[in-house]
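Please keep the sequence and the model in view while reading.

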Amino acid sequence: MQRGLVTTIIPAYNRAALLREAVASVHAQTYRPIEIIVVDDGSTERWDVDATVIRIENSGPGAAREAGRQRANGEFIQYLDSDDRLLPQRFEKLVAALRDDPDAGVAYGMTRYVDANGAEMPPSWKDPNQRQRTMFPSMLRERWWDTPSPLYRRSVTDAAGPWTTLRREEDWEYDARIAALGTKLVFVPEVLVEVRMHADSLTRGEAQLRDRARAHALIYEHARRFGIGDDAPEMQHFARELFLLARQCGAAGLANESRTLFALAREASGTGGARLQFRLYALLARIAGWSTMGKASAALDRLRGHRSSRW
């Protein structure tokens, strides 16, 4: 590990023009020393960038970030997606914040969201730019920052261990694992990163649902290890999320995932008022099957017209 060095790890799959912008935004930092590692995740097109390039078979963003982490030499670790940009003073501000707060393991600033054309977008889908001292319990309610938001001390990423090979919600699971360590945060109230939003082009088939199911189960495990109890509003919220995903998995024919997530949702809900509903759902699922119940629940959700329905 080289003291003071900031290593930026960028997983990349095609989209060369955006990747060059991302790399350029790192070179434009007012802070030195820096290291840039681009992990080519099996791109079908060729490109050249001013960075160390590692090429791997297509394995997804988590595996690509892990390949970069294994090669990183920095005291600080920055993950950056290939379509996002760092603002020039980011490393200068965040490294200084970590130097001033030795108890903090992660520094982060504010995020600006833009559309595919670069026009600023209000983040109506979540509540970002929160000032928090720890990631839990708020990170159990939603992943309120984005992958480029935090700058980690190397000691934190070493303690967290490797990224999973999940292709969906791998970043939320990674955050939750770091949160479970009790990692302290320091916030810099300035816009320091720009995240580009795209129309969701990912398919939502069985593989994606399996990954989301596995990620949710791990997030729940991390939250329990941190000590979040049944009575916490964030745990109650996550119990509802687990139940919703259990029904979605059932509707997709993933009976095992549906059963597992339902059991976690029931456990996470504690002794609240939903216990009778959980017992009834479990009884009907044993009679009709988990997939049948998932499909029936999805149909009823559509009729009711809202995502948060319990049935």
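**Backbone details and overall form**

Asparagine 14 counts as buried, because its relative accessibility is 12%, under the 20% cut-off. In this predicted model, asparagine 14 has a positive phi of about 60° although it is not a glycine. Its place is the loop between β1 (2-12) and α1. A positive phi of about 60° is also found at asparagine 129, again not a glycine. Asparagine 129 belongs to the loop between β7 and α4 and is partly exposed, with a relative accessible area of 26%.

Two cis peptide bonds may be considered next. One joins arginine 32 and proline 33, with omega about 10°; proline 33 lies in the loop that runs between α1 (16-27) and β2 (34-41). Another leads from phenylalanine 136 to proline 137, with omega near 10°, and proline 137 sits in the loop between β7 (120-121) and α4 (138-141).

The chain as a whole comprises 11 helices and nine strands. Its radius of gyration is 21 Å, close to the 19 Å that the globule rule gives for 311 residues, so the chain is as compact as a globular protein of that length. Buried residues account for 55% of the 311 residues. Of the contacts between residues at least 6 apart in sequence, 73% join residues at least 24 apart.

As to confidence, the mean pLDDT is 92, and 94% of the residues reach 70 or more. Over residues 307-311, however, pLDDT stays under 50. Where pLDDT is low, predicted coordinates should not be read in detail.

Notes
Residues numbered from 1 in each chain as written. Predicted model: local features only at pLDDT ≥ 70, side-chain atom pairs only at ≥ 80, totals over all residues. Heavy atoms only, no water. Helix = DSSP H or I, 4+ residues; strand = E, 2+ residues; numbered from the N terminus. Rg over C-alpha atoms; globule rule 2.2 N^0.38 Å. Buried < 20%, exposed > 50% of the residue type's maximum accessible area, 1.4 Å probe, protein only. Contact = heavy atoms within 4.5 Å. pLDDT = per-residue confidence, 0-100.
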